[in-house]
Amino acid sequence: MDKKLSVIGDIYSEEVFKVILDYEIARAKRYPTPMSLLCLEIIPQAKNQETLQAGSNLFASAIKQYMRSADIPCVNGKVFKILLPSTNQDNLNSTCERMLALFTKEFETDDGETISFSLYIGGTTQEGGETLSRDQLLEKSQSAMNQSKEKGINTYVVLI
Amino acid sequence: MKKITTRDDEVYSSDVFEILFDYEITRTKRNPAPLALMQIEITSTTSNEESLKSAPIVFIRALNSHLRSVDIPSKAGNDFRILLPTTDEPGARTVCERLLSIFKNKFDTPRGPVAFTLQIGATICPAGTDISMSDVTEKAKEALKQSKLKGPNTFVTQ
């Protein structure tokens, strides 16, 4: 089992992410604090195929620079999930806007190539406490991302 | 990997424990808070083979009912590890004393009573210390060895 961290820029694999999600939910039930979940799909754009294929890795590296150390990102192909502990709806909206602002610019790779990303972002937030639901967090963030895809690239949708 | 959402008669598998252990170590470095690890060896005593088989479940059920939802219990053979986030030395001592108190009594099962003998070693990482999983584990194991030297139903913290 890939039990520690996936190799992609120290971002968790989805399997590990779900373990930590369950644990964070148990914690937020006991010590009620809001919890948000982001679901992102990225579309990398680059001039050469090699850079394009490295898109997820490059995005993963970039994401670690811009997220709080308390945030918990995971990756599965071109879809990223980011658990944001102690994050309410206002903070979630700010995070979505910041991500769109940050990631729609071009990035330069170590090889001097340029890459940019288009994003679809879905997010949801729940209050802490006994009503907190793992399944709802996952389903609503996925549904919000699907709605973002309907709206078009570089948009975000937050469902409560 | 086994998903655990409720812990009535289950504890985390070793691989999940390792993930959460690593995660808590990282959290402790980020947001300084104490962390305790308990290493417990249990010996089950029963009058018949059938009740001996149910002993681990009886133990786990009783253990879980006295732990917080944020605590992280795990089993490997006859040994249990329990990671106690945000727990300082007085807190860890309280948990050790509580466990010894709970398990000093016999437990009734449909197949007969079960009794447990516990040896507990615990180590506490004060907030802000630079710690690693292996160091913490070694210290807890050392504390367990000292508990075994002291005798049954004892604990040692270090």
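Q: How should I read strand pairing here: in which sense do E1(B) and E3(B) pair, and over how many bridges?

A: E1(B) and E3(B) pair in the antiparallel sense, over 7 bridges. In general, strands of a sheet pair through backbone hydrogen bonds, either parallel or antiparallel. Two strands count as paired if DSSP finds at least two bridges between them. The elements themselves are DSSP runs numbered from the N terminus: helices (H or I, at least four residues) and strands (E, at least two). As an example from this pair, B:Ala36 has B:Leu84 in E3(B) as its bridge partner.

Q: Before we go on, what kind of model is this, and how are things numbered?

A: This is a predicted model, in which local features need pLDDT of at least 70 and side-chain atom pairs count only at pLDDT 80 or more, while totals for chains, interfaces and linings use all residues. Residues are numbered from 1 along each chain as its sequence is written, and chains are lettered from A and ligands numbered from 1 in the order in which they are written.

Q: What is the strand order of the open sheet in chain B, and which strands are at its edges?

A: The order of this 5-stranded open sheet is E2-E3-E1-E4-E5 (chain B), and the pairing is mixed. Its edge strands are E2 (72-76) and E5 (154-157) of chain B, each of which pairs on one side only. On average, neighbouring strands are turned by 15 degrees against each other, direction ignored; axes are lines fitted to C-alpha atoms, for helices over the stretch in contact, and angles run from 0 to 180 degrees between N-to-C directions. Helix H2 (residues 49-64) of chain B packs on the sheet, where H2 touches E1, E2 and E4 of chain B and its direction makes about 150 degrees with that of E1(B).

Q: Where in that sheet is the parallel pairing?

A: Look at strand E4 (residues 114-125) of chain B and E5(B), which pair in the parallel sense over 4 bridges. There, B:Ile120 has B:Phe155 as its bridge partner in E5(B). E2(B) and E3(B), by contrast, run antiparallel and are joined by 5 bridges, with B:Ser74 opposite B:Arg81 in E3(B). Their hairpin has 2 residues between the strands, and B:Gly77 takes a positive phi near 65 degrees in it.

Q: Why is strand E3 of chain B described as largely enclosed?

A: Burial is a neighbour count: a residue is buried if 20 or more other C-beta atoms (placed from the backbone) lie within 10 Å of its own, exposed if 12 or fewer, and partly exposed in between. In E3 (residues 79-85) of chain B, 5 of the 7 residues are buried, so the strand is largely enclosed by the rest of the structure.

Q: How do B:Ala122 and B:Glu41 read on that scale, buried or partly exposed?

A: B:Ala122, in strand E4 of chain B, is buried because 26 other C-beta atoms lie within 10 Å. B:Glu41, in strand E1 (residues 35-46) of chain B, is partly exposed because the count is 17. Beyond four places in sequence, B:Ala122 touches residues including B:Met38, B:Cys96, B:Ala140 and B:Phe155, whereas B:Glu41 contacts B:Asn78, B:Asp79, B:Gln119 and B:Leu144.

Q: Which residues have the most contacts inside the largest nonpolar core?

A: A nonpolar core is a set of buried Ala, Val, Leu, Ile, Met, Phe, Trp, Tyr and Cys residues joined through C-beta atoms within 7 Å. The largest one has 84 residues, and A:Leu40, A:Ile121, B:Leu20, B:Met38 and B:Ala122 have the most contacts inside it. Helix H1 (residues 14-30) of chain A supplies the largest share, 8 residues. Buried residues of H1(A) pack against several elements, among them E2 and helix H5 (134-151) of chain A and helix H1 (14-30) of chain B. From the chain B side, B:Leu20 is in contact with A:Val19 and A:Tyr23, among others.

Q: What confidence does the predictor give?

A: pLDDT is its confidence in each residue, from 0 to 100. Chain B has a mean pLDDT of 90, with 95% of its residues at 70 or more; the complex has an ipTM of 0.76 and a pTM of 0.84. Over residues 1-6 of chain B, pLDDT stays under 50. Where pLDDT is low, the predicted coordinates should not be read in detail.

Definitions and conventions:
Two residues are in contact if their C-beta atoms, placed from the backbone, lie within 7 Å.
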